Amino acid sequence: MIQQSNKPVIRIKNLTRTYKIGTESVHALRGVDLEVCQNEYVAVMGHSGSGKSTLMNLLGCLDMANAGEYELNGIMTTRMSAASLAHVRNQQIGFVFQSFELLPRMTAQKNVELPLIYSEMPFWKRRKLAKQALERVGLGARIDHKPNQLSGGEKQRVAVARALVSSPSILLADEPTGNLDSKTSASIMQLFEQLYAEGQTIIMVTHESDIAAHARRVVRMRDGQIVSDLPIEQDPVNTHNQGPEEAPQ
Amino acid sequence: MKKLLLIPILLLRLITQSALLALNQIWVNKTRSILTTLGIIIGVSSVSAVIAAMSGMNNKIMENFETFGTKKIFLWPQRPDSGSKKNLDWWQIRFKEEEFEDMLEYCPSVEFRSFVSDGRNLPARADDTTVEAVRLNGVETHWFDIENREIMMGRPFSHLDETQGRKVCIISKQLRDKLKMDRECLGQTITFGHHMFLVVGLLEEKPGMMFDEGNRDNLEAYIPFKTMRKINNNRWFSVIASCKSTDVAEEAKAEIQFFLRRTRKIRPGEPDTFRVMVMENEIKQVMKVFGMISMVAFGIVSISLLVGGVGIMNIMLVSVSERTREIGLRKAVGARPSAILTQFLVEAVVLCLIGGCIGLFLGHGLAVTISKVVPMMESTRIPLWAVLLSFGFSALVGIVFGMFPAIKAARLNPIDALRHE
């Protein structure tokens, strides 16, 4: 466990998630313990089926665990109602998805404002914050463009701005560069680097080693369990000593 | 306390936001939205047109009753269905004049009373012009008050005319023209059958009634009741009266019944040997039937609104499933289930209200067309309450039929929704 001087933002104890598919139970997570502190930059790696997506969904309060505890920024989220979880997502979590998930008919500005709409913020405040967030990701000049007028990298920047606009305690990125070419990926990673430097806590799921190499800490998962949790300097990603599990799928 | 005050404001904001979103969504899918609301449009337009037609008809009927007189009371002898008097012949149950002598004193709710003899068709001749059949009626002077027939020229029957049975008559304008008399016909004479009458008054034309266009040229002349008794040996007559106001119509009826039972010496328990018909009651009866017809018509056209509602539900379900990813994203960034529910519900309601608006315009057009085409219903208009009702009903349809898709959307699991293809 990496000891950080900051207090933990995420504290997970024995988190278990089992899906029922027909009569069969799929154990997606088998008792995971994890602690992430403020201003950490964590990459979660693993094969498909390793449970990293399940962990991501649980961290993002999109899903509920069958057992175990999840404390986010001092809030015990286990066994919360759907409405309270929505509130937690709104206030504490910023999502960046692989396929951007921008609403196609809304301008970049409106897309970024979306989380603020649900936090019942007056429109003038929303506008200001959305503009600031877009400027922060370097899209200050494109606030009135619709997603189909933006390039892939720009779309993902809008998505990042949307994730940041409500000043969440964690930024969750699920394969943020999965749909981007390597050049754009690099620029997004640079953006993440900048955000990290500004103090943002980032958790990123990826199966690409060169993307994971940007993080400061790498959590590797297999079969619903964490198999390694090391600072980047000690992780095989950095030593170019890739085991079979890091191979891109 | 401050928090409590904030709730309606927040709710209002949520609804306006959802309404704006819904309008945007509807604008994007213009064609689809219009086609979807077609059911509502047709429903609302037919409902409002039916209401307009019904209320137009209602007004017309009321107007007719108004000109016909709502305060009228008709009295005529009638054999009872049971009791010892059920086999009496008409001679024995007929009214006798003396039975009505003090009627106005004993019936405080009754304003006027007039005997009306059976009409008789007689040929009429003035100078050289002859008219085959003119209906000659024997009435008392109050008949003109009760029937609301204005004497535009000349005078009503005088006391002397009535008590002495003078041969004077009051004729209608139509008869005057038919007999080719001078415009100033007063003082001239007309021969009805073998009797010569002096014209003392000219009646205003009878205001047109519904369904009696054919009776327009009904030629009528009125002579004093007593005179009629003299020249005609028909002893049968009926009585027409009026109550002081429509509010006391019931009382007037009861008073007359009580009075007549006494003067006609009907023992308690025996049935009446006469009928009292109060116009007000008849109007109420007609209005009741009419109201029922309206309700049935309204109910039938409401079914089209229901069908429209099913269309709305269908399109909302389509909307929910094609926007599943959007719902997933909205949930991921913090939309509560209630916010999603409101969004889709408001969208359905807005869709219905737009349909209702267009439907009202069409309904108005229909109503105007009806009023132009059908002469009897020239006052066909959509009343304000029907406008409000249409909007209320549209909103209700939106809520009822939008509820299921909205609940479906609100219940979506955010992960599944985000993964939806």
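I began with the contact between two domains of chain B: 14 residues of domain 2 of chain B touch 15 residues of domain 3 of chain B, with contact taken as heavy atoms within 4.5 Å.

I noted that this is a predicted model, in which local features need pLDDT of at least 70 and side-chain atom pairs count only at pLDDT 80 or more, while totals for chains, interfaces and linings use all residues. Residues are numbered from 1 along each chain as its sequence is written, chains are lettered from A in the order in which they are written, and side-chain values use heavy atoms, without hydrogens and water.

I looked up the bounds, which come from an automatic or database domain assignment: domain 1 is 18-65 + 285-419, domain 2 is 79-118 + 234-272, and domain 3 is 121-233. The centres of domains 2 and 3 of chain B, over C-alpha atoms, lie 27 Å apart.

I then looked up the buried area (accessible area, 1.4 Å probe, that two parts lose on being put together, summed over both). Domains 2 and 3 of chain B bury about 1,400 Å² between them, with 53% of it on carbon and sulfur atoms. On the domain 2 side, F112(B), S117(B) and N234(B) lose the most area, together 35% of what that side buries.

I searched this interface for salt bridges (a side-chain nitrogen of Lys or Arg within 4 Å of a carboxyl oxygen of Asp or Glu) and recorded two. I noted a salt bridge between the side chains of R113(B) and E140(B), at 3.7 Å from N to O.
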